[in-house]
Amino acid sequence: MKFPSASSPPAAPESTPARPQGLLAGRLHLDPPLLTGLILLCGFGLIVLYSASGEDLAQVERQLIRLAIAFSVLFVMAQVPPAQLRRWSPWLFGAGILMLIAVLVAGQIGKGAQRWLDLGLFRFQPSELIKIAVPMMLAWFLSEARLPPDWRRLSIAAGMTIVPVLLIAKQPDLGTALLVASAGIFVLFLAGISWWLIGGLAVLLGALAPLLWYLMRPYQRQRVLTFLNPESDPLGAGYHIIQSKIAIGSGGVYGKGWLNGTQSHLEFLPESSTDFIFAVLAEEFGLVGILVLLALYLFIILRGLYIATRAQDTYGRLLGGALTLVVFVYVFVNTGMVTGLLPVVGIPLPLVSYGGTSLVTIMAGFGILMSIHTHRKLLPP
Amino acid sequence: MPESSIKDHARESRLFFRRAVVTTVIIFVLLTVLVLQLAYLQITSHEHFTTLSRENRVKLVPLPPTRGLIYDRNGVILAQNLPTHSLEITPERVDDMERTLADLGRIIDISEDDLKRFHRQRKQKRRFDSIPIRVSLSEEEVARFAVNRHRFPGVDIQARLLRNYPLGEQMAHVLGYVGRINQQELERIDTSNYAGTSHIGKTGVEKTYEKTLHGKVGMQQIEVNALGRIIRVLESHPPTPGKDLHLFLDAGLQAAATRAFGDKNGAAVAIDPRTGGVLAMVSKPGFNPNLFVEGISSADYKRLRSSEDKPLFNRVLRGQYPPGSTAKPFVGLAGLETGVIASGKKKFCPGYYQLPKHEHKYRDWKKQGHGFVSMQDAIVQSCDVYFYSLSHDLGIDKLSKFLGLFDFGRPTGVDITGELGGLLPTREWKRRARQQAWFPGETLIMGIGQGYFLTTPLQLAHATASLATHGALVPPRVVQRIQSSQQQADPPPPPLPVQLPIVDTKNWDDIIEAMVQVVEGPRGTARRVYTDKYRIAAKTGTAQVFTVKQDEEYDEETVSAKMRDHALFIAFAPVREPRIAVAVVVEHGGHGGAAAAPIARAIMDHYLLNDKP
């Protein structure tokens, strides 16, 4: 099937729009399987949070409110047709970059790093917006031309990723920089850049590692060193990893039971309700609980990839695929850190960790996926 | 056709599908690695970690360092740490907080303030942190709680070291005090070093030497059982205790000076001119610094804050008074050094001074005038007209430049924070601050230490000390040496005297001789403090609080106490080889010779007659 120009819609104009059926999918533009997966995951997360917070109902309530907000954002995003999103892409990206610069220039100081813009009523983290704006921008830019992209487009797209990543890394927020970089890389990968190029970049990155080491802040270097040998600093930075491994390992296959985890309840495990909540789950629900959690994540991610492959245009495919894969990066980097596979990078366990900012962004991403899936038009046979 | 306009959708869709399959494979591989790692941790090493978790429940506990002690020059302790008992609650272990607090209130006295503080801290801290509800329990209260302890799970008696100032009020303005760390301080300090510390220096020496006194936090790895009780200590990195401070201050002298004030308000400073060491530093009234350590009650604090006598105000460092006639020796020295006048040259004092072509009469304190006076007569009798004339001849620029040499108009650099620099007016200052030109009349009144000219008592003592040493200006110091408990005493930081550029020894001698005659001469204004045990060089001063109109007379009887003049006095002794320089300000004390001089004399007597050199 060939079309004369990119501007004409892929669907035959004379065919009647045949949307997915049912109330959820048809009218509300929600995807029932994905929604079910998300709700199950969040429910599981709340149960773990209650234990991790030291049975603090108030904390669970606050998380519930955040979840309600996040699901509302998902619902709103699902109503926006992909064509609309596509038109917004460059504007959102431009606004995101400007705000990142504003944060660097006049940002509020928080934990020694500048991440927020104070908008009076609330604090806004532009890096969260950019997590979605980068894949949107790249998907828009690359889908404007034939795929796989030529060298010129490729280098421009690479620049569109590197600029925000550097701005975020300067804040410094290594975790978010990593997520934004991976979002950009996924769009490029899904757009079909050649394997030769991927191989070449991998080699180049390996060669640049010493430079990266040079650019890192002392605390970031410390984290890498601690990762390589946690026992070298059992009282300091290595303490997190050692305690986390004890929590996971002592959980065994079936776990110690809900609310019975000693590592978190006796406060050995730091950040037990935020970045290290996975260890609480592993301690109390064991390997079985972890497999359930990972199965839920896997289901959500596979559903996301399925939605992406079924999307009707390149923009939807690239954006949907990248947003889904970023969630996998969240999961893998967090669990890898908690289990000692990866160095400590401040990335939460998506939809489970206590905290609101990234939760909203992730849900917005799923909203976009649902929108891509439910705004399709039936193609003529 | 341009390449970008052709899109092969089916091909792109297939390309995407292939890539999606590749990523799915990668996802499965990575998840497998993760599950293998989990299986290794949870199955293969399960027993190992279970053992660690069950028997080796290692907890990190910060060990706060012991705060350094503060001693006076003779080893008298000025600030110490006393063990006290406090009642603390761990919210996590209390089921019904309201009832527990009510029941506790029945056996131990808990005030409204205690409750307020407890609830405030409860919001800031974590549920398993122990929060004090009452501090400084008496022996009896400790016993009463111990008997009832079984009724109060989650409530414990904790022994803590609490800062204590045995001399209380007398030392409050020098030492300052420690208090609970507040929000602003929390943002400034290294929180890991203060992990176990609840108090921080708020003012005075305690604040200035906070880093030295605090020490470095230690860490302890402890093993606790399933209930969180400590089983044993695994590894201990002991804290480095704070270093002790030895001050130049003499506690006995400080007490004598405080006593000499009686119920009057004011300030006195004594400095050893040879070292710059501050021997006594009194700001009256004082306050009880121990109140602040335990957390002052809001009623007490309000009383201190709203008191008209301003007990919290450090008059020595921050009280800015017109120096009055105590400025005259310095102005006289300026006249001699610049050659504007010779010491033997006499001026006529008719009781007033008029600027050329001006009607305004600048009056002398002695209505009938002093007649013909030399420099020495003018200082001894405190003749204003002589100094009006001299200041006019000097001019404002020379005058303030010369006075600036003695550190007037800027902080002396003493090692206590919060010092103010007084005010040494210049043409430039007036243009900037008042948007006005300098008037010649203002030079005259500055020459007798009035007008805009302001000094702190510390500045006066510092400048007096530099008269005693013929111009070797040593920055005042409160702390003599720093000593850590393990090591030998650190060598004292070498004093860095700045030699003033006044070379003619005769000029110094003339001024000092005049100051001796203030005490010894038949017409000296400080005759009443004469002693035959040692020789004193001094100058009295009276600073106007209230301006007398042109044709009125100042009458001490009719002016209310709050409007009465401040009495000032500066002195050093013995004249040969001076060992002490003193400045005294008595607020609303009236005449310097009558109100301030006896206090200075008491200080010098105590130091020179009791203390062995």
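This is a predicted model: local features need pLDDT of at least 70, side-chain atom pairs count only at pLDDT 80 or more; totals for chains, interfaces and linings use all residues.
Me: What makes A:Leu351 count as buried?
Reply: A residue is buried if 20 or more other C-beta atoms lie within 10 Å of its own. A:Leu351 has 27 C-beta neighbours inside 10 Å, so it counts as buried. A:Leu351 sits in the loop between α13 and α14 of chain A.

Me: Why is B:His470 called partly exposed?
Reply: The buried class needs 20 or more C-beta atoms within 10 Å, and the exposed class 12 or fewer. B:His470 has 16 others within 10 Å, so it is partly exposed. B:His470 lies in the loop between α20 (457–468) and β19 (472–473) of chain B.

Me: What is the phi of A:Leu351, and what is that of B:His470?
Reply: Most residues other than glycine have a negative phi. A:Leu351 is not a glycine, yet its phi is positive, about 70 degrees. B:His470 is also a residue other than glycine, with a positive phi near 55 degrees.

Me: How do α13(A) and α14(A) meet?
Reply: Their axes come within 10 Å and cross at roughly 145 degrees. The crossing is left-handed. Among the residues in contact are A:Leu323 in α13(A) and A:Ile368 in α14(A). The contact residues divide into 7 nonpolar, 4 polar and no charged.

How values were computed
Residues are numbered from 1 along each chain as its sequence is written. Chains are lettered from A and ligands numbered from 1 in the order in which they are written. Axes are lines fitted to C-alpha atoms, for helices over the stretch in contact, and angles run from 0 to 180 degrees between N-to-C directions. Helices (H or I, at least four residues) and strands (E, at least two) are DSSP runs, numbered from the N terminus. A crossing is left-handed if the near helix is turned anticlockwise from the far one by less than a right angle, and right-handed if clockwise. Two residues are in contact if their C-beta atoms, placed from the backbone, lie within 7 Å. Ala, Val, Leu, Ile, Met, Phe, Trp, Tyr, Cys and Pro count as nonpolar, Asp, Glu, Lys and Arg as charged, and the others, Gly among them, as polar.
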